[in-house]
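Here are a few notes from going through the model, jotted down point by point.

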Amino acid sequence: MIPNLSMPVRPKRKPCVGRNVGLRNQTMVGLSALQVKNAKPGRHSDGHGLYLVVREGGSRSWVLRVQANGKRQDFGIGSAKSVSLATARAKAWEMRTRLEAGEEVRPKPPTPNAVATIPSFAEATRACHTAIKSGWRNKQHRETWLTSLEIHVFPHFGESPVDQVTSLMVRDALHPIWLKIPETARRILQRIGTVLDFAHIQGWCEHEAALRSVRKGLPRQPPDDNHFAAMPYEQLPAFAAKLAKPPHSAGRDALLFVILNASRCGEVRHATWPEFDLEKALWTIPAARMKMRKAHVVPLAPASMEILKRRWPLRHSDTGYAFSSHGKRPLADMTLLKLVRTHSGQKFTTHGFRSTFTDWAAETTDHPKEVVDKALAHQLADRVEAAYRRTDFLERRRQLMLDWAEFVGKSLERRQ
């Protein structure tokens, strides 16, 4: 008999907002990206001393307010147009760490006859990366952030002094990739802005970065209509039958598990055995791995349980990854995407199966939308409604997932 592998979920700490607390007690709460975009003039708190300051003219900037040297002080972090919410939080975290360690954050005025040493853009980039990467949970993002600049930007102006980088230089560097790899190009533009803002904070650049004109000098990017291309639900049973055929593999099992539970790809790839209660048929995904940072309990249909029971004897440890071919690290995202493309013959995406699930529920069932949204771990847009809706619809979601699994597997028996 398979043991009960449930793991208790630690109770959440109440976030400490507006207090000068240490980094260990910080919790990412406060503003959302949409609130940053739509904020009206005034000072808007994100918590832990970080504020979005919106002026009457429309300009938006980030300010960190802390107690330093016995008095309240404000430290500029950069323009909200070039510094994202996540980057602002990471910069604030880094500045608070240095302040708590007694370091000087504001650049010291140059001494008479002193020659200022301005680093190159490449040197400033590496210094910026070192300063802010500790605020990122995604290890892969830490690596790709710097690598993308090394590959696509450094050959153009990496050796130029950071205070001499112009919007024209940035435009010329991005032009070759702007239409070829549009999403990556947009991210690189944002990262260049982060480096230049960091250089301004360090006193290497006299003025804040002004990269708004860069896009005007580049061709308009076509909309990416296939970013989350979804398989029509009518085609899903036949596709699932192909995945379920022997020989089984970690990748095929993981992809089928993603489909059966309408889960995000990363939630399944990083799933570990202690998250599963195989006696109660429940999967508890920790808050740290959820997009909304809230633990999510998934009721498992028999088809999902069969996959786990098949993988249990193949495990490398009782605490390791449930879907792993070697036990040392989770499956790569591209592994599942390749399976989707190979078995479907079309450019569908792994994330698109969540849309497939939504379309099936809306068009062929009577399950309420709020139950479907809860199964997808979506956050209610109305915060007031979300505050009063305490139920997680567990039993109603169990029936929903049973119906979904029955639909997905309706052609398995005659095809196997």
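This is a predicted model: local features need pLDDT of at least 70, side-chain atom pairs count only at pLDDT 80 or more; totals for chains, interfaces and linings use all residues.

1. Start with Ala281, which sits in the loop between strand S5 (276–277) and strand S6 (282–285). Its phi is near 60°, a positive value in a residue other than glycine. Is Ala281 buried or exposed? With a relative accessible area of 14%, Ala281 is buried, because the cut-off for that label is under 20%.

2. His48 also deserves a look. This residue isn't a glycine, yet its phi is positive, at about 60°. You'll find His48 in the loop between strand S1 (42–47) and strand S2 (50–54). Its relative accessibility is 7%, so His48 counts as buried.

3. Next, the proline pair. Which kind of peptide bond joins Pro246 and Pro247? The bond is cis, with omega at about 0°. As for where that falls, Pro247 belongs to the loop between helix H8 (236–244) and helix H9 (250–261).

4. Last one: Ser148, in helix H4 (residues 139–152). Ser148 has a relative accessible area of 9%, so it is buried. What does Ser148 touch, leaving aside residues up to four places away in sequence? The contacts of Ser148 on that count are Val153, Ile188 and Arg191.

How values were computed:
Residues are numbered from 1 along each chain as its sequence is written. Side-chain values use heavy atoms; hydrogens and water are left out. Helices (H or I, at least four residues) and strands (E, at least two) are DSSP runs, numbered from the N terminus. Buried means under 20% relative accessible area, exposed over 50%, partly exposed in between (1.4 Å probe, protein chains only). Contact means heavy atoms within 4.5 Å.
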